[in-house]
Amino acid sequence: MTPIAPHITAFLRERLTSENTRAGYAYAFQLLFAFASKRLGVAPSDLQIEHLDASLVLAFLENIQHERGNGGRTRNARLAAVRSFMHFTEYRVPAALDQIRRVLAIPMQRTDTRLVKHLSGAESRAMLDAPDPTTRLGIRDRAMIYLGLTGGLRVSELVGVRLDDVRFDGRYVEIRIRGKGRKERALLLWKEVGDAIRAWLAIRGDAACPELFLTATGEPMTRSGFEYVLRKHVRAAAAACPSLSGRKVSPHTLRHTCALDTLRATGDLRTVSLWLGHASQSTTEIYLQADPTEKIEALESTVPHRLRPGRFRPPDRLIASLMPGKTPQPSASG
């Protein structure tokens, strides 16, 4: 039997270079090991490589869908983490190669391709108006939501912005973004966004951490913390914009909204790809399905076939049967 603890530690430290990817994979294994511990009746620290066979992984994937209510995309993300670890382990534990290959053979689940969820102009306005600008946390929340809507940042990028990543350049503000795969990009945003960030910096105060956005206790804002902030302001914004009532708005919804606004303004998919920090422009093509501008241009550039004119004239017997107090008479053939 081979203890799993040293191998998972080496995997997270040696194989994964991105902090965000490492955090996501660590959470996936936290769920997996908790499930395996409960199912096998052993402590998580006593789990062995041999315990992670195909049947246990399949049971785990079924559990996160039926018990936790996760969708197919989340299932596939958890399976991708397990697969990556198994590829790492097959060279370190060759005795488990047959078991590892069975796990690697587990297929990804096919998922529906849906239109991206985004906010309308009125909904974005209501979200920005929801935080109270006369309170410290309201000023912070407004700056975060504004930066999410105009910068299209991933939630990990948003909470990871540091003080030295922000530079004011005349009428604009420049933000250095640390994206996925240790890739950096710079965003030059409008004066209004800079003013919102300046307002927060004026009352942020001194803190030991370098992150721009802090919690009420002075700690760095977390992903779950911003998700909570967003949910709170969605409920408040629904009073002014009823279309937000009962709607789930995630940090990624702000990113999608920024992408579609940029696509409508520029008509250039490459600009959207660079703005969002996509590694491949093919990832950005999902916004073409949701943007009606492209479809309107297609309608205006083509002429559909005309239909032959004609007008339906009902027979006399039908008209008679519809007159008040009349009942339809059966036909001779009926």
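A contact means heavy atoms within 4.5 Å.

**View 1. The whole chain in overview.** This is a predicted model. The protein holds 16 helices and 3 strands. It has 334 residues, and 40% of them count as buried. Take the contacts with a separation of 6 or more: residues 24 or more positions apart account for 60% of these.

**View 2. Helix H7 against helix H11.** Two packed helices are described by the angle between their axes and the distance between the axes. Helix H7 covers residues 136-151, and helix H11 covers residues 251-266. Their axes come within 6 Å and cross at roughly 45°. That makes H7 oblique to H11. By class, their contact has 4 nonpolar, 4 polar and 1 charged residues. H7 supplies Ile-145, Gly-148, Leu-149, Thr-150 and Gly-151. H11 meets them with Leu-254, Arg-255, Thr-257 and Cys-258.

View 3. Thr-257 sits in helix H11. Is Thr-257 buried or exposed? Its relative accessibility is 1%, so Thr-257 counts as buried; the cut-off for buried is under 20%. Which residues does Thr-257 touch, leaving out those up to four places away in sequence? They are His-118, Leu-119, Ser-124 and Leu-149. The side chain of Thr-257 also reaches the backbone nitrogen of Leu-119, at 2.8 Å.

**View 4. The buried residues of helix H6.** Helix H6 spans residues 121-129. Its buried residues are Glu-123, Ser-124, Ala-126, Met-127 and Leu-128. What do the buried residues of H6 pack against? Three helices: H7, H10 (223-237) and H11.

View 5. The 3 strands form an open sheet in the order S1-S2-S3. Their pairing is antiparallel. Strand S1 (166-169) and strand S3 (184-189) stand at the edges. Each has a single partner strand, so one side of each is left without a neighbour in the sheet. On average, neighbouring strands are turned by 20° against each other, direction ignored. Helix H9 (residues 191-204) lies across S1, S2 and S3. H9 runs at about 125° to S1.

View 6. How many bridges join S1 to strand S2 (residues 172-178)? There are 4, and the two strands run antiparallel. Phe-168 has Val-173 in S2 as its bridge partner. Arg-167 stands opposite Glu-174 in S2. The hairpin has 2 residues between the strands. Here Gly-170 takes a positive phi near 65°.

View 7. Arg-78 lies in helix H4, which runs over residues 72-89. Why does Arg-78 count as buried? Because its relative accessibility is 15%, and buried means under 20%. Setting aside residues up to four places away in sequence, Arg-78 touches Tyr-27, Ala-28, Leu-31, Phe-60, Leu-61 and Ile-64. Pick out Tyr-27 in this group. Tyr-27 and Arg-78 are 51 residues apart along the chain. Their C-alpha atoms are separated by 9.1 Å.

How values were computed:
Residues are numbered from 1 along each chain as its sequence is written. This is a predicted model: local features need pLDDT of at least 70, side-chain atom pairs count only at pLDDT 80 or more; totals for chains, interfaces and linings use all residues. Side-chain values use heavy atoms; hydrogens and water are left out. Axes are lines fitted to C-alpha atoms, for helices over the stretch in contact, and angles run from 0 to 180 degrees between N-to-C directions. Angles under 35 degrees count as roughly parallel, over 145 as roughly antiparallel, 65 to 115 as roughly perpendicular and the rest as oblique. Ala, Val, Leu, Ile, Met, Phe, Trp, Tyr, Cys and Pro count as nonpolar, Asp, Glu, Lys and Arg as charged, and the others, Gly among them, as polar. Buried means under 20% relative accessible area, exposed over 50%, partly exposed in between (1.4 Å probe, protein chains only). A polar contact is a pair of N or O atoms within 3.5 Å; within protein, one must be able to donate a hydrogen and the other to accept it, and residues adjacent in sequence count only if both atoms are side-chain atoms. Two strands pair if DSSP finds at least two bridges between them.
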